[in-house]
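Please look over the chain shown here before reading on.

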Amino acid sequence: MRSSKRSTPRRRRLEIGPIGEGPRAICRSCDEDLPQSTLDDDGWCPQCRWALGKAAARGQHAVAALITVPFAIWIAVEGTRGYFPLYAWAIPLAAAYYLGMRIGREVVRGWVRSRRGT
Ligand SMILES: [Zn+2]
């Protein structure tokens, strides 16, 4: 994945590639010249989508931990064990982690796309 996007403007032959390959397009993330059909709605090539997916997978656990860990600490420190037996807190903690992952996934995707896209 190359990050030289705006810094090195290059003239490219656009739109029409070799006959039989269909229209060409440039990935908005890595500037690769590819058949347009391989790019997604945001103009990202499969490699960049894959890299984005990996980043989102890492990020979603980070965000989930960010939500769940303070929650777990709060339960431990505040002695909220009085409400439920300790093992019962596993359920809201798991729910918090799951929600954190869902949120984190979207946040990271949006963040990476806004940084790399135009
Ligand atoms: Zn790309």
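## Overall layout

This is a predicted model. The protein chain contains two strands and two helices, arranged along the sequence in the pattern β-β-α-α.

Of the 118 residues in the protein chain, 14% are buried. Taking contacts between residues at least 6 apart in sequence, 49% join residues that are at least 24 apart.

## Confidence

The protein chain has a mean pLDDT of 81. A pLDDT of 70 or more is reached by 77% of its residues.

Residues 1-5 have a pLDDT below 50. In the model, this stretch makes six contacts beyond near neighbours in sequence.

## Helix α1

Helix α1 runs over residues 46-78 and has 33 residues. From its first C-alpha to its last, α1 reaches 47 Å, which is close to the 48 Å expected at 1.5 Å a residue.

## Buried positions of α1

Which residues of α1 are buried? They are Cys-48, Ala-56, Gln-60, Val-63, Ala-64 and Thr-68. The cover over these buried residues of α1 includes helix α2, residues 90-116.

Technical notes. Residues numbered from 1 in each chain as written. Predicted model: local features only at pLDDT ≥ 70, side-chain atom pairs only at ≥ 80, totals over all residues. Helix = DSSP H or I, 4+ residues; strand = E, 2+ residues; numbered from the N terminus. Expected span 1.5 Å × (residues − 1). Buried ≥ 20, exposed ≤ 12 C-beta atoms within 10 Å, placed from the backbone. Contact = placed C-beta atoms within 7 Å. pLDDT = per-residue confidence, 0-100.
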